[in-house]
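Subject: Structure handover

Hello,

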Amino acid sequence: DPQRHALYYGFLAGSHLSRKVSTTVQASYGKNTALPNRSCPGGGSMNRRLAYSFRYQYGNSSIDKPGSWSLFALYQYYPRLASYAGTSDDWHKNEKGLRLGGEYTFDKGFLLNYYGQWTHDLDTHGFAREFRAQMNWVF
């Protein structure tokens with residue numbers, strides 16, 4: 001049913017400042033194609049029709065390059081748009097806010113990624129903080 005889903009668009013641009021450092025700018029956009037009078041499973045903001053995010057990354061982390069790193073800043077405006085709200089991506093969260101984080105490669109195949117996130121719920125205006133660190137080992 002195309003009236004119960006959303007469309008996604010994305011844009012990515014990057015530049016290499018040197019062999020070790022690069023910058024990346026990423027933007028994403030989503031639009032709700034569901035009818036305004038449809039109910040949204042689990043609540044959410046059916047009256048908000050658009051979602052977007054902007055991300056800036058500095059650095060060039062790579063799981064194959066020990067000592068490589070990157071830092072990023074992300075602004076997100078993600079209302080819960082339609083019935084796809086159960087997906088695992090951030091578009092289902094019904095929030096807006098800032099995420100700061102980065103990655104560091106300790107050894108070949110051993111990468112740490114981390115972030116801190118500060119958000120507000122778009123309907124209740126409740127404030128949330130989330131901090132995450134994850135080690136990745138690829139062999």
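Predicted model: local features only at pLDDT ≥ 70, side-chain atom pairs only at ≥ 80, totals over all residues.

Residues are numbered from 1 along each chain as its sequence is written, and side-chain values use heavy atoms, with hydrogens and water left out.

Strands

Strands here are DSSP runs of E with at least two residues, numbered from the N terminus; two strands pair if DSSP finds at least two bridges between them. Strand β3 (residues 50–59) pairs with strand β4 (residues 69–78) in the antiparallel sense, over 8 bridges. Within that pairing, G59 has S70 in β4 as its bridge partner.

On to the next pair: β4 and strand β5 (residues 95–107) are also antiparallel, with 10 bridges between them. F72 stands opposite G101 in β5, and A73 has L100 in β5 as its bridge partner.

β5 in turn runs antiparallel to β6, and 12 bridges join the two. These strands form a hairpin with 2 residues between them, and G109 in the turn has a positive phi of about 85°.

E95

E95 lies in strand β5, and its bridge partner in β6 is D121. With a relative accessibility of 10%, E95 counts as buried (under 20% relative accessible area; exposed is over 50% and partly exposed in between, with a 1.4 Å probe and protein chains only).

The side chain of E95 makes two polar contacts to list here. One is with the side chain of Q117, at 3.3 Å; another, at 3.4 Å, is with the side chain of T119. A polar contact is a pair of N or O atoms within 3.5 Å; within protein, one must be able to donate a hydrogen and the other to accept it, and residues adjacent in sequence count only if both atoms are side-chain atoms.

Leaving out residues up to four places away in sequence, E95 touches (heavy atoms within 4.5 Å) a set of residues including Q76, Y77, Y78 and P79, as well as H120 and L122.

D123

D123 is in the loop between β6 (110–121) and β7 (127–137). With a relative accessible area of 37%, D123 is partly exposed. D123 and E95 are 28 residues apart along the chain, and their C-alpha atoms are separated by 8.3 Å.

Regards

Definitions and conventions
Helix = DSSP H or I, 4+ residues; strand = E, 2+ residues; numbered from the N terminus.
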